[in-house]
Amino acid sequence: MNRSDFNKSVVPGLFDFMTSSYKPRSEEKVSYGLLTGGIPRESRRAYEENAYWGALGLLPAKPEGQAIAYDNPVQGPTKRWTHKTYGLGVRVTEELIEDCLYPDIPTEMKQLTSEIGKSARETIEILTWDLVNNGTVTTNHTDGLTNAVFSTGKALLRGGTWSNLLSPASDLSATALQASLDTFENTRDDAGKIQVIKASKIFVNPANAWKAKELLNSAYDPETGNNSVNAIKERNLTLISSAYFTDTDAFLLWAEPANEGQGFIAYMRRPVTFAQDGDFNTGDALFKSTFRYSVEVNKPNNVFFSAGA
């Protein structure tokens, strides 16, 4: 077949493979959106920033005839989301093009271009899940106060500390899950006031999903031989099993953020974009995918983590 025929028929076919492979199949779950509370936010800037402030204290009694007390909020840290560009391309040689008999596109050519779409989707998953997978160290991500995303000694702006990391670390069990829920849902805000935190999801690696299902669904305590009621079942936690959660014995509790500035936040500065072109000198066909993305957290008070024993 000649060059004109290829450009008009075969190249568009390969482009369809590339774009359609970015979309997950019906049986697949886009798990990163469950961590960030939905689709990434849009951005029109080179970076985005987020800040929070310490809550006000309680109201003291006002003696008759005297003025009320006044309080000032405490300014917290400012966190920056810097959008990075990610991209990958593939080249289909002129010789491979010449050996193609349209409309039967060879498997080799289909695989080359469809892999770009799969890689784009997987890259976003891995970038987002890195907040969890490396959340106990400060190598890739920190919170606004430069602590690890998950730690036991996070500072409150008005004094004191709080924790979103189970200590000592423990494998998933009824005892560990109950201890995590107790600590998580009794977390105070920066002024020491009670927060309304209710865990709604538990994330695990597929290897841990069997244990999680027992804990969440058994009518009776699955870890004892008596007929004690399984109190965890009444919590109605939604189980999310994801292979992108790389620690096979860790687990993560997630609650709806109290406001839009809390929790894991993702920005998509440029959505996943596909492009195609030809190389005049070699006759090769070029395909690429790029996107600009950032994901960070300023105050991770809607997540609680156990690293596993």
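Before I start, residues are numbered from 1 along each chain as its sequence is written, and side-chain values use heavy atoms, with hydrogens and water left out. Since the model is predicted, local features need pLDDT of at least 70 and side-chain atom pairs count only at pLDDT 80 or more, whereas totals for chains, interfaces and linings use all residues.

Let me begin with the rings, where the structure holds 8 aromatic pairs, a pair being rings of Phe, Tyr and Trp (its six-membered ring) with centres within 6.5 Å, called stacked if the planes are under 30 degrees apart, edge-to-face if over 60, and tilted for the rest. The centres of Phe 184 and Phe 304 are 5.9 Å apart and their planes stand at 35°, so this pair is tilted. Because Phe 184 belongs to helix α5 (residues 174-185) and Phe 304 to strand β12 (residues 303-306), the pair ties together parts that are 120 residues apart in sequence; helices (H or I, at least four residues) and strands (E, at least two) are DSSP runs, numbered from the N terminus. Phe 184 and Phe 304 are buried, which is to say under 20% relative accessible area, with exposed meaning over 50% and partly exposed in between (1.4 Å probe, protein chains only). Phe 291 and Tyr 293 make an edge-to-face pair, at 6.3 Å centre to centre and 75° between the planes, and both of these residues are buried as well. One aromatic cluster is formed by Trp 129, Phe 150, Phe 203, Phe 245 and Phe 305.

Two rings also carry a charge over the face, by the rule that NZ of Lys or CZ of Arg is within 6 Å of the ring centre and within 35 degrees of the ring normal. Arg 45 lies over Tyr 47 at 5.1 Å from the ring centre, and the charged end of Lys 213 sits over Trp 210, 5.6 Å from the centre of that ring.

Turning to spaces, the search runs on a 1 Å grid over the protein atoms alone: a cavity is a set of points where a 1.4 Å probe fits but cannot get out, a pocket is an open set with protein on both sides within 12 Å along at least five of seven lines, and lining residues have an atom within 4 Å of a point. Grid points are joined across faces, edges and corners, and a volume is the space filled by probe spheres set on the points.

The largest pocket has a volume of about 360 Å³, and of its 21 lining residues the closest to the centre are Gln 195, Ala 258, Asn 259, Gln 262 and Asn 301. The second largest pocket holds about 280 Å³ and is lined by 13 residues, with Lys 84, Tyr 86, His 141, Val 295 and Glu 296 nearest its centre. Strand β11 gives the most to that lining, with 4 residues.

There is 1 cavity of 30 Å³ or more, with about 50 Å³ of space in the largest cavity, whose lining includes Tyr 52, Asp 143, Trp 162 and Lys 299.

Finally, the largest nonpolar core has 27 residues, and Leu 252 and Phe 264 have the most contacts inside it; such a core is a set of buried Ala, Val, Leu, Ile, Met, Phe, Trp, Tyr and Cys residues joined through side-chain atoms within 4.5 Å. The largest share of this core, 5 residues, comes from α4.
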